Amino acid sequence: MVTRSFLTVARKLQSPAAGTELMAPLLYDFVRLTRARTLLEVGVGYTTLFLLQALADNVAAFFHNRAGLARKTRGLLDRAEKTRSRVALSEEEFGRWMLDEPTYADPRYYVSDYRPRLFAFDDFSSKTSSAICVPAVAQQLGLAHLLQFVPARPAPNAARILRRYLPIDIAFNDGSEYESFLLTYSGLVNPAGGLLVLHNTVTAFGDNPILPFLRSWNRHNDDQFEVMSIVEPHKLFQGSCTVLRRICHAPANNRVASLKSKRWMTQMLASLDKKRRRQ
Ligand SMILES: C[S@@+](CC[C@H](N)C(=O)[O-])C[C@H]1O[C@@H](n2cnc3c(N)ncnc32)[C@H](O)[C@@H]1O
């Protein structure tokens with residue numbers, strides 16, 4: 001959680017020129033909301049600590065909710081044993097199971113492990129940035145195990161992102177060279193809703209030229225990304241971001257139907273139990 005003691009330590013890395021005082025908590029919420037596993041950041045500093053804290057909070061929530069899901073599913077199957085239907089859960093059983101804590105948990109999310117990582121690139125080209133202090137402060141906050149610091153530019157170094165961590169769920173660029181970044185990394189972003197976030201794209205002095213570039217590039221690439229810019233109207237500069245969300249155009253199917261089968265629930269519970277024993 002973003003506690004008072006976290007903020008006291010993190011604020012040491014806040015740089016007025018970077019203007020990420022609101023961007024950092026927004027990124028925290030993006031990571032919590034989307035339960036991103038692999039993060040990429042270009043331009044390290046205050047934001048990095050919020051990204052790391054969000055990953056740590058996701059880990060805690062993952063294990064807590066996975067145990068709760070196993071508990072409530074075991075209860076459901078015990079009760080369902082006594083009912084007449086051998087194959088499918090009744091609407092009432094399924095409805096009650098969904099509302100039990102962890103409410104609305106999707107078992108398919110919990111059957112694979114959650115081992116997150118932030119790959120953070122900075123070439124130390126800025127003299128005013130707090131990038132150099134980040135590894136030590138991450139250590140102080142107990143978050144260093146989630147950080148892979150890469151002291152380099154991202155475009156020529158995509159291979160530094162370990163294959164086992166692909167695809168990237170959220171890529172945040174607060175550095176420069178947005179065009180080469182987009183061309184290098186867009187294909188590595190998770191096709192099922194991965195985000196690319198570019199900071200400071202809309203300013204009082206005009207839009208970053210990346211905006212017209214990315215619109216036409218997206219059009220020529222089957223509109224793979226939904227695009228939205230968010231603007232802080234009270235700031236002249238460093239008060240905006242553009243969010244690209246990668247969407248696959250697979251046809252929608254009835255994803256929930258199979259969950260109501262007792263057999264599926266039993267197999268899912270066995271899989272969660274196995275994982276818990278290995279933990
Ligand atoms: C605006 S600061 C980042 C601020 C940071 N996100 C924060 O919240 O404090 C930009 C950083 O990007 C780095 N940078 C700029 N261009 C870069 C590039 N092409 N590759 C890697 N790092 C870059 C600079 O060294 C600097 O540390």
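## Notebook: a look through the predicted model

I began by counting elements, and the protein has 9 helices and 9 strands. A reminder to myself: this is a predicted model. I then looked up the overall extent, and the C-alpha trace spans about 70 × 45 × 40 Å along its principal axes. Of the 279 residues in the protein, 32% are buried. I also checked how far apart in sequence the contacting residues lie. Among contacts with a separation of 6 or more, 76% join residues 24 or more positions apart.

**The cores**

Next I went to the largest nonpolar core, which has 50 residues. Leu-27, Val-31, Leu-51, Leu-52, Leu-118 and Ile-170 have the most contacts inside it. Helix α3 (residues 46-81) gives this core its largest share, 7 residues. I found a second, separate core of 5 residues, with Leu-76, Ala-80, Leu-89 and Met-265 among them.

Which residues does Leu-27 contact, leaving aside its neighbours within four places in sequence? I found Thr-47, Phe-50, Leu-51 and Phe-172.

**Helix α2**

I stayed in this region and checked the length of helix α2 (residues 23-34). At 1.5 Å a residue, its 12 residues should span 16 Å, and the end C-alpha atoms are 16 Å apart, so the two agree. Then I listed the buried residues of α2: Met-23, Ala-24, Leu-27, Tyr-28, Phe-30 and Val-31. Looking down the axis of α2, I see these buried residues within an arc of 160°, which means that they line one face of the helix. I reminded myself that an α-helix has 3.6 residues a turn, so residues three or four places apart point the same way. On the face of α2 turned away from the buried side I noted the exposed residues Asp-29 and Leu-33. Just after α2, Arg-35 has a positive phi of about 50°.

I found a cis peptide bond between Glu-101 and Pro-102, with omega at about -5°. Pro-102 sits in the loop between α4 and α5 (107-110). Another cis peptide bond joins Leu-166 and Pro-167, where omega is about 0°. Pro-167 belongs to the loop between β3 (147-150) and β4 (170-173).

Glu-177 is not a glycine, yet its phi is positive at about 55°. I located Glu-177 in the loop between β4 and α7 (178-185). Is Glu-177 buried, partly exposed or exposed? I count 15 other C-beta atoms within 10 Å of Glu-177, so it is partly exposed.

Asp-222 also has a positive phi, near 60°. Asp-222 lies in the loop between α8 (210-219) and β8 (225-231). With 8 other C-beta atoms within 10 Å, Asp-222 is exposed.

**Glu-91**

My last stop was Glu-91, in helix α4 (residues 91-99). Glu-91 is exposed, because 9 other C-beta atoms lie within 10 Å. How many residues separate Glu-91 from Lys-260 in sequence? I get 169, while their C-alpha atoms are 8.3 Å apart in space.

Key. Residues numbered from 1 in each chain as written. Predicted model: local features only at pLDDT ≥ 70, side-chain atom pairs only at ≥ 80, totals over all residues. Core = buried A, V, L, I, M, F, W, Y, C linked by C-beta atoms within 7 Å. Buried ≥ 20, exposed ≤ 12 C-beta atoms within 10 Å, placed from the backbone. Helix = DSSP H or I, 4+ residues; strand = E, 2+ residues; numbered from the N terminus. Contact = placed C-beta atoms within 7 Å. Expected span 1.5 Å × (residues − 1). Arc of directions from axis to C-beta.
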